[in-house]
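Visitor: I have a structure to read. Can you take me through it, feature by feature?

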Amino acid sequence: PYGQPQSPPPQYQQPQYQQPQYQPPQYQPPQYPQAGGLPTTDGFTPTAAKKSAKGKRAAIVGASLLVLGGIGAGAVYAAKQLVAFDAAEGGDWAVRLQSNTPSGSITASGVMVGTDGYVATTADAVLGADEIKAFLGGAANSFPAEVVGVSECSNIALLRFNGRLSEYDARPWSSGQSATGDVVYAAGFAAGGEAYSVAEGAVTDVHAEWVGHTAPIADGFAGSALVSEDGDVVGINLSSGTAVPSDVAQRVKIGSSDDIGFVGSASADGLVIHGVAADSPAAAAGLRSGDVIVTALGTTFGVDAGMDAYCGAVAGKTDQPVPVTVVRNGAELVGEFGGAPLAGLDASVTYQTAVDDSGALRFDVPVDWTVDGRPTDEFPDLYAEGDEGYANMYFLVLDDPIEAQVTLTLDAWECTAVGEASPWDDGVYFGLIQQYTCDNGYDSILVIAEDETNERVLVDIGLTDSPRSAQIAETILSTFAAN
């Protein structure tokens, strides 16, 4: 339909794809104890599943998601009361979260706090997600949620439901600081489980920006509540033995942030971006997942200078433009957070994420392009088209060398390679990128690459000569590479 033949290159077959298992980055705030890898489940004992849906929960699941309107879409009614705290039983204040991101599905926990109906969790569990589902108290039915406040330096995000709840449970923020020896409970949902679980421990360290404790944290407990014996939320768990204290978590406000609006982790090249908050200074500058921040305010980042160095550099300065250097797909971009967008980006162009039916194939294309990712026996598996051109994406299961496969593909399409193929290596996929031409009027790009598991993909892009073409091609190539 795009000037290419209707039949695919010879021997193409649809593979059986399994969704990658993504684990959110283990972020270390300034002066936090060094994490020792993935949190352990030793000593972690799930409680029995919560009681069957009765009373309040039945009202929530069965009838409380009302038609949007009244006080406005996305609004949430205030809690009618704070229920008594029972560590073993839990309540509808304990929230299980599922975030669908370009890298796969993330399972995390959260807590309904205060009397305003908002959920606190970790930023790296939800930022950059295409969809966030919130399950109250382990219920089977979910509510769509959205990020309304974020701080990358405390790694806290605030969510609200995209709907209205007539009643729900909530826990109050603690009004004071924890003390060494205080009994605390980590309350949430282990990864892959729907049953509320609780682990008991004691406070071991109290600092301005973090609280240490002995409550064992299971995988999936990131974002869960650290609760006192009285039922007050004294912190939000980050990783095993570490939580953000309540006074720090409460700094994250609705519609604003004390930071720039992204989550990332240290690498040899700089801060690798894992997610960007919508309507944030980072998003306005054009920052995207997969970008690498090399410098900000003159500070250079790497393995020994990660998020702690970044937060130290920007602390108290987010009300002014923050000069930044970013590397994207090998190209250096210069701009400002809160000021001029990254050089080479047209801020008027906005993008949507095109996803196939399985959720495995995706890339970003302009919002005015038409996307089709429905399952079909014909190729491509995912395509999008607009006035400037098209983008196709295929799964491949051929065993031919990639060099031979490039030739076979272009011969099957009766197209001609332009120049030599160049190596393709974005840190996820490695293979070849080839310019080619057909009698269709497009400037065309072909990428055939595979990841470390030998999962092979083909990306085919054809663009007309327009002012947006270069940026569109760069965006498609850089965003498919993040999968």
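Visitor: How many bridges join strand S7 to S10, and which way do the two run?
Guide: Strands are DSSP runs of E, at least two residues, numbered from the N terminus. Two strands pair if DSSP finds at least two bridges between them. Here four bridges join S7 (residues 183–188) to S10, and they run antiparallel. Val184 has Ser228 in S10 as its bridge partner. This is a predicted model: local features need pLDDT of at least 70, side-chain atom pairs count only at pLDDT 80 or more, and totals for chains, interfaces and linings use all residues. Residues are numbered from 1 along each chain as its sequence is written, and side-chain values use heavy atoms, leaving out hydrogens and water.

Visitor: What joins S10 to S11?
Guide: Three bridges, again antiparallel. S10 and S11 form a hairpin with four residues between them. Gly231 in the turn has a positive phi of about 90°.

Visitor: Are the residues of S10 buried or exposed?
Guide: Buried means under 20% relative accessible area, exposed over 50%, partly exposed in between (1.4 Å probe, protein chains only). Ala225 and Val227 point one way from S10, Leu226 and Ser228 the other way, and all are buried.

Visitor: Which residues of helix H5 are buried?
Guide: Helices are DSSP runs of H or I, at least four residues. In H5 the buried ones are Ile402, Gln405, Val406, Thr409, Leu410 and Trp413. They fall within an arc of 125° seen down the axis, so they line one face. That arc uses directions from the helix axis to the C-beta atoms. The face turned away carries exposed Glu403 and Asp411.
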